[in-house]
Amino acid sequence: MASPPTPQTSSASLPSSVFTLPHTAQLEALYTIIRDKNTSRGDFLFYSDRIIRLLVEEGLNHLPVIPKTVETPTGATYEGVGFEGKICGVSILRAGEAMEAGLREVCRSVRIGKILIQRDEETALPKLFYAKLPQDIAKRYVLLLDPMLATGGSAMKAVEVIMEHGVPEDRIIFINLISSPEGLRTFCTRFPALKVITGWIDQGLNEKAYIIPGLGDFGERRYCS
Ligand code: URA
(Lines give C-alpha, C1' and ligand atoms only; values in the text may rest on other atoms or scores of the structure.)
Protein backbone atom coordinates (compact mmCIF):
# COMPACT_ATOMS: atom_id res chain seq x y z
CA MET A 1 0.00 0.00 0.00
CA ALA A 2 1.33 3.46 -0.88
CA SER A 3 2.08 5.70 2.05
CA PRO A 4 0.11 8.94 2.39
CA PRO A 5 1.70 11.92 0.64
CA THR A 6 3.95 14.12 2.69
CA PRO A 7 3.48 17.88 2.55
CA GLN A 8 4.96 18.95 -0.80
CA THR A 9 6.23 22.31 0.38
CA SER A 10 7.61 22.89 3.82
CA SER A 11 5.77 25.67 5.60
CA ALA A 12 9.18 27.29 6.24
CA SER A 13 9.49 28.15 2.55
CA LEU A 14 5.99 29.63 2.26
CA PRO A 15 5.03 33.20 3.11
CA SER A 16 3.15 33.18 6.41
CA SER A 17 0.06 34.46 4.59
CA VAL A 18 -0.23 31.28 2.48
CA PHE A 19 -2.28 28.28 3.64
CA THR A 20 -2.54 24.98 1.79
CA LEU A 21 -5.00 22.17 2.34
CA PRO A 22 -3.57 19.15 4.19
CA HIS A 23 -2.13 16.90 1.50
CA THR A 24 -3.96 13.74 2.37
CA ALA A 25 -4.16 10.75 0.02
CA GLN A 26 -7.81 11.74 -0.56
CA LEU A 27 -6.89 15.22 -1.75
CA GLU A 28 -4.08 13.90 -3.94
CA ALA A 29 -6.54 11.48 -5.56
CA LEU A 30 -8.92 14.36 -6.34
CA TYR A 31 -6.11 16.37 -7.90
CA THR A 32 -4.94 13.36 -9.90
CA ILE A 33 -8.40 13.08 -11.44
CA ILE A 34 -8.71 16.74 -12.40
CA ARG A 35 -5.14 16.89 -13.77
CA ASP A 36 -5.65 13.84 -16.00
CA LYS A 37 -6.21 14.95 -19.60
CA ASN A 38 -8.46 11.91 -20.14
CA THR A 39 -10.90 12.88 -17.39
CA SER A 40 -14.37 13.56 -18.80
CA ARG A 41 -15.95 16.98 -18.40
CA GLY A 42 -18.54 15.50 -16.02
CA ASP A 43 -15.88 14.09 -13.74
CA PHE A 44 -13.84 17.28 -13.97
CA LEU A 45 -16.89 19.24 -12.77
CA PHE A 46 -17.66 16.82 -9.97
CA TYR A 47 -14.14 16.47 -8.58
CA SER A 48 -13.10 20.10 -9.01
CA ASP A 49 -16.30 21.02 -7.13
CA ARG A 50 -15.23 18.74 -4.29
CA ILE A 51 -11.89 20.52 -4.03
CA ILE A 52 -13.53 23.95 -4.27
CA ARG A 53 -15.80 23.05 -1.38
CA LEU A 54 -12.80 22.09 0.78
CA LEU A 55 -11.03 25.33 -0.14
CA VAL A 56 -14.04 27.49 0.66
CA GLU A 57 -14.43 25.77 4.04
CA GLU A 58 -10.75 26.43 4.73
CA GLY A 59 -11.17 30.06 3.68
CA LEU A 60 -14.03 30.46 6.17
CA ASN A 61 -11.71 29.14 8.92
CA HIS A 62 -9.72 32.35 8.55
CA LEU A 63 -12.60 34.69 9.31
CA PRO A 64 -12.63 36.22 12.77
CA VAL A 65 -15.21 35.09 15.30
CA ILE A 66 -16.53 36.64 18.47
CA PRO A 67 -17.98 34.97 21.58
CA LYS A 68 -21.66 34.07 21.28
CA THR A 69 -23.84 32.38 23.87
CA VAL A 70 -26.97 30.48 22.86
CA GLU A 71 -29.62 28.52 24.72
CA THR A 72 -30.08 24.93 23.56
CA PRO A 73 -33.45 23.09 23.49
CA THR A 74 -32.47 21.44 26.79
CA GLY A 75 -32.58 24.83 28.47
CA ALA A 76 -28.81 24.84 28.96
CA THR A 77 -26.59 27.59 27.65
CA TYR A 78 -23.77 26.97 25.23
CA GLU A 79 -20.89 29.39 25.05
CA GLY A 80 -19.79 29.33 21.44
CA VAL A 81 -18.77 31.78 18.76
CA GLY A 82 -20.33 33.57 15.83
CA PHE A 83 -18.81 35.17 12.75
CA GLU A 84 -17.76 38.73 13.43
CA GLY A 85 -18.55 40.32 10.11
CA LYS A 86 -20.39 39.85 6.86
CA ILE A 87 -18.75 38.30 3.85
CA CYS A 88 -19.11 38.37 0.11
CA GLY A 89 -17.50 36.57 -2.80
CA VAL A 90 -15.86 38.14 -5.85
CA SER A 91 -15.13 35.89 -8.80
CA ILE A 92 -12.62 36.70 -11.51
CA LEU A 93 -14.35 35.90 -14.82
CA ARG A 94 -14.63 33.50 -16.36
CA ALA A 95 -12.96 30.65 -14.53
CA GLY A 96 -13.67 32.08 -11.07
CA GLU A 97 -17.40 31.77 -11.73
CA ALA A 98 -16.94 28.01 -11.41
CA MET A 99 -16.20 28.54 -7.71
CA GLU A 100 -19.35 30.51 -6.95
CA ALA A 101 -21.57 27.45 -6.44
CA GLY A 102 -19.12 26.06 -3.88
CA LEU A 103 -19.32 29.30 -1.92
CA ARG A 104 -23.13 29.40 -2.15
CA GLU A 105 -23.32 25.82 -0.85
CA VAL A 106 -21.72 26.81 2.43
CA CYS A 107 -22.85 30.44 2.78
CA ARG A 108 -26.55 30.78 2.19
CA SER A 109 -27.60 33.89 0.20
CA VAL A 110 -24.04 35.14 -0.01
CA ARG A 111 -23.57 38.17 -2.26
CA ILE A 112 -21.17 37.60 -5.11
CA GLY A 113 -19.54 40.25 -7.28
CA LYS A 114 -17.72 39.73 -10.56
CA ILE A 115 -14.61 41.20 -12.12
CA LEU A 116 -13.46 40.77 -15.71
CA ILE A 117 -9.79 41.42 -16.37
CA GLN A 118 -8.07 40.91 -19.69
CA ARG A 119 -4.71 41.66 -21.16
CA ASP A 120 -4.45 45.13 -22.67
CA GLU A 121 -3.12 44.53 -26.17
CA GLU A 122 -1.26 47.87 -26.20
CA THR A 123 0.48 47.67 -22.82
CA ALA A 124 0.39 43.86 -22.32
CA LEU A 125 -0.75 44.61 -18.74
CA PRO A 126 -3.90 43.23 -17.10
CA LYS A 127 -6.76 45.69 -17.67
CA LEU A 128 -10.10 45.95 -15.91
CA PHE A 129 -12.99 45.47 -18.35
CA TYR A 130 -15.93 45.07 -15.98
CA ALA A 131 -16.63 45.07 -12.26
CA LYS A 132 -19.92 44.54 -10.49
CA LEU A 133 -19.38 44.48 -6.75
CA PRO A 134 -21.82 44.51 -3.81
CA GLN A 135 -22.51 48.17 -3.02
CA ASP A 136 -21.56 47.69 0.67
CA ILE A 137 -18.40 45.69 -0.12
CA ALA A 138 -16.25 48.04 2.01
CA LYS A 139 -17.99 46.68 5.13
CA ARG A 140 -17.47 43.02 4.21
CA TYR A 141 -14.76 40.38 4.23
CA VAL A 142 -14.11 39.37 0.64
CA LEU A 143 -13.42 35.85 -0.62
CA LEU A 144 -11.71 36.35 -3.97
CA LEU A 145 -12.23 33.36 -6.28
CA ASP A 146 -9.99 32.33 -9.16
CA PRO A 147 -8.95 28.69 -9.69
CA MET A 148 -5.45 29.15 -11.12
CA LEU A 149 -2.77 31.51 -9.78
CA ALA A 150 -0.30 31.56 -12.68
CA THR A 151 1.60 34.87 -13.07
CA GLY A 152 -0.70 36.53 -10.55
CA GLY A 153 -1.42 39.48 -12.90
CA SER A 154 -5.22 39.17 -12.94
CA ALA A 155 -5.48 38.44 -9.24
CA MET A 156 -3.33 41.45 -8.35
CA LYS A 157 -5.42 43.71 -10.59
CA ALA A 158 -8.60 42.32 -9.00
CA VAL A 159 -7.27 43.04 -5.51
CA GLU A 160 -6.43 46.62 -6.58
CA VAL A 161 -10.01 47.09 -7.78
CA ILE A 162 -11.49 45.66 -4.58
CA MET A 163 -9.23 47.87 -2.44
CA GLU A 164 -10.22 50.92 -4.50
CA HIS A 165 -13.79 50.11 -3.39
CA GLY A 166 -12.72 50.56 0.23
CA VAL A 167 -11.88 47.01 1.34
CA PRO A 168 -8.66 46.84 3.42
CA GLU A 169 -6.09 44.31 2.22
CA ASP A 170 -6.34 42.21 5.37
CA ARG A 171 -10.08 41.69 4.78
CA ILE A 172 -9.51 39.86 1.51
CA ILE A 173 -8.92 36.10 1.28
CA PHE A 174 -7.82 34.76 -2.09
CA ILE A 175 -8.89 31.17 -2.78
CA ASN A 176 -7.47 29.09 -5.63
CA LEU A 177 -6.98 25.43 -6.58
CA ILE A 178 -3.43 25.54 -7.96
CA SER A 179 -0.67 28.15 -7.65
CA SER A 180 2.66 28.57 -9.37
CA PRO A 181 5.47 29.34 -6.92
CA GLU A 182 6.48 32.45 -8.88
CA GLY A 183 2.91 33.80 -9.04
CA LEU A 184 2.45 33.15 -5.33
CA ARG A 185 5.71 34.94 -4.49
CA THR A 186 4.85 38.01 -6.60
CA PHE A 187 1.31 38.15 -5.24
CA CYS A 188 2.30 37.77 -1.57
CA THR A 189 5.12 40.31 -1.86
CA ARG A 190 2.67 42.86 -3.25
CA PHE A 191 -0.11 42.09 -0.72
CA PRO A 192 1.55 40.71 2.42
CA ALA A 193 -1.51 41.21 4.64
CA LEU A 194 -3.85 39.27 2.35
CA LYS A 195 -4.34 35.56 3.07
CA VAL A 196 -4.07 33.04 0.25
CA ILE A 197 -5.73 29.63 0.49
CA THR A 198 -4.35 27.35 -2.19
CA GLY A 199 -5.00 23.66 -2.72
CA TRP A 200 -1.68 22.84 -4.34
CA ILE A 201 1.56 24.63 -5.26
CA ASP A 202 2.91 23.28 -8.54
CA GLN A 203 6.38 23.32 -10.12
CA GLY A 204 6.22 26.49 -12.18
CA LEU A 205 5.08 28.11 -15.41
CA ASN A 206 5.85 27.20 -19.01
CA GLU A 207 6.61 29.74 -21.75
CA LYS A 208 2.88 30.23 -22.36
CA ALA A 209 2.28 30.97 -18.66
CA TYR A 210 0.48 27.66 -18.09
CA ILE A 211 1.05 26.06 -14.71
CA ILE A 212 3.17 22.87 -14.87
CA PRO A 213 2.10 20.10 -14.30
CA GLY A 214 -1.18 21.99 -13.79
CA LEU A 215 -4.40 20.84 -15.41
CA GLY A 216 -4.44 22.84 -18.64
CA ASP A 217 -6.94 25.63 -19.17
CA PHE A 218 -9.39 25.45 -16.27
CA GLY A 219 -12.12 27.34 -18.15
CA GLU A 220 -11.83 25.08 -21.20
CA ARG A 221 -11.96 21.94 -19.07
CA ARG A 222 -14.91 23.21 -17.07
CA TYR A 223 -17.05 24.82 -19.76
CA CYS A 224 -16.11 23.02 -22.99
CA SER A 225 -16.13 19.27 -23.61
N1 URA B 1 -5.09 29.50 -16.26
C2 URA B 1 -5.41 28.21 -16.49
O3 URA B 1 -6.57 27.88 -16.70
N4 URA B 1 -4.42 27.30 -16.48
C5 URA B 1 -3.14 27.60 -16.26
O6 URA B 1 -2.29 26.71 -16.26
C7 URA B 1 -2.81 28.96 -16.02
C8 URA B 1 -3.81 29.89 -16.03
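## Overall form

The chain of this predicted model contains six helices and twelve strands. Its radius of gyration is 18 Å, close to the 17 Å that the globule rule gives for 225 residues, so the chain is as compact as a globular protein of that length. Taken along the principal axes, the C-alpha atoms fill a box of roughly 60 × 50 × 40 Å.

Of the 225 residues, 44% count as buried, and the accessible surface of the chain comes to about 12100 Å², with 52% of that surface belonging to carbon and sulfur atoms. When contacts between residues at least 6 apart in sequence are considered, 61% of them join residues that are at least 24 apart.

## Strand E9 and its partners

Strand E9, which covers residues 172-179, is largely enclosed by the rest of the structure, because eight of its eight residues are buried. Strand E7 (residues 141-145) pairs with E9 in the parallel sense, and four bridges connect the two; within this pairing, Leu 145 has Ile 175 of E9 as its bridge partner.

Strand E8 (residues 148-149) also runs parallel to E9, to which it is joined by two bridges. Here the residue opposite Met 148 is Ile 178 in E9.

## Strands E4, E5 and E6

Strand E5 (residues 111-119) can be followed through two pairings, of which one is with strand E4 (residues 87-93), in the parallel sense and over six bridges. In that pairing, Ile 92 has Ile 115 of E5 as its bridge partner. The other pairing described here joins E5 to strand E6 (residues 126-132), in the antiparallel sense and again over six bridges, and in it Ile 117 stands opposite Leu 128 of E6.

E5 and E6 form a hairpin with six residues between the strands, and in this hairpin Ala 124 takes a positive phi near 65°. As a general point for reading such strands, the side chains of a regular strand alternate between the two faces of the sheet.

Cys 88 lies in strand E4 and counts as buried, because its relative accessibility is 0%. Leaving aside residues up to four places away in sequence, Cys 88 touches Val 110, Arg 111, Pro 134, Ile 137, Arg 140, Tyr 141, Val 142 and Leu 143. Between Cys 88 and Lys 139, which are 51 residues apart in sequence, the distance from C-alpha to C-alpha is 9.8 Å.

Arg 140, one of the residues that Cys 88 touches, is itself buried at 6% relative accessibility. Arg 140 forms a salt bridge with Asp 136, in which the closest N and O atoms are 3.0 Å apart, and Asp 136 likewise counts as buried, with a relative accessibility of 13%.

The structure holds twelve salt bridges. One of them joins Arg 53 and Glu 105, with 2.9 Å between the closest N and O atoms. This pair links distant parts of the chain, since Arg 53 belongs to helix H2 (residues 41-60) and Glu 105 to helix H3 (residues 100-106), 52 residues apart. Arg 53 is partly exposed, with a relative accessible area of 34%.

A further salt bridge is formed by the side chains of Arg 94 and Glu 220, at 3.6 Å from N to O. Arg 94 lies in the loop between E4 and H3, whereas Glu 220 lies in helix H6 (residues 218-223), so the pair ties together parts that are 126 residues apart in sequence. Arg 94 counts as partly exposed at 39% relative accessibility, and Glu 220 counts as partly exposed at 41%. Elsewhere, Glu 97, Glu 100, Arg 104 and Lys 114 are linked in a network of salt bridges.

## A nonpolar patch on the surface

Val 65, Val 81 and Phe 83 form a nonpolar patch on the surface, and together these residues have about 300 Å² of accessible area. Val 65 is placed in strand E2 (residues 65-71) and is partly exposed, with a relative accessible area of 42%.

Key
Residues are numbered from 1 along each chain as its sequence is written. This is a predicted model: local features need pLDDT of at least 70, side-chain atom pairs count only at pLDDT 80 or more; totals for chains, interfaces and linings use all residues. Side-chain values use heavy atoms; hydrogens and water are left out. Patches are made of residues with over 30% relative accessible area and no salt bridge: like charges are joined within 9 Å, nonpolar side chains (Val, Leu, Ile, Met, Phe, Trp, Tyr) within 5 Å. Accessible areas come from the Shrake-Rupley method with a 1.4 Å probe; for residues, only the protein chains shown count as cover. A salt bridge is a side-chain nitrogen of Lys or Arg within 4 Å of a carboxyl oxygen of Asp or Glu. Buried means under 20% relative accessible area, exposed over 50%, partly exposed in between (1.4 Å probe, protein chains only). The radius of gyration is taken over C-alpha atoms; the globule rule is 2.2 Å times the number of residues to the power 0.38. Contact means heavy atoms within 4.5 Å. Two strands pair if DSSP finds at least two bridges between them.
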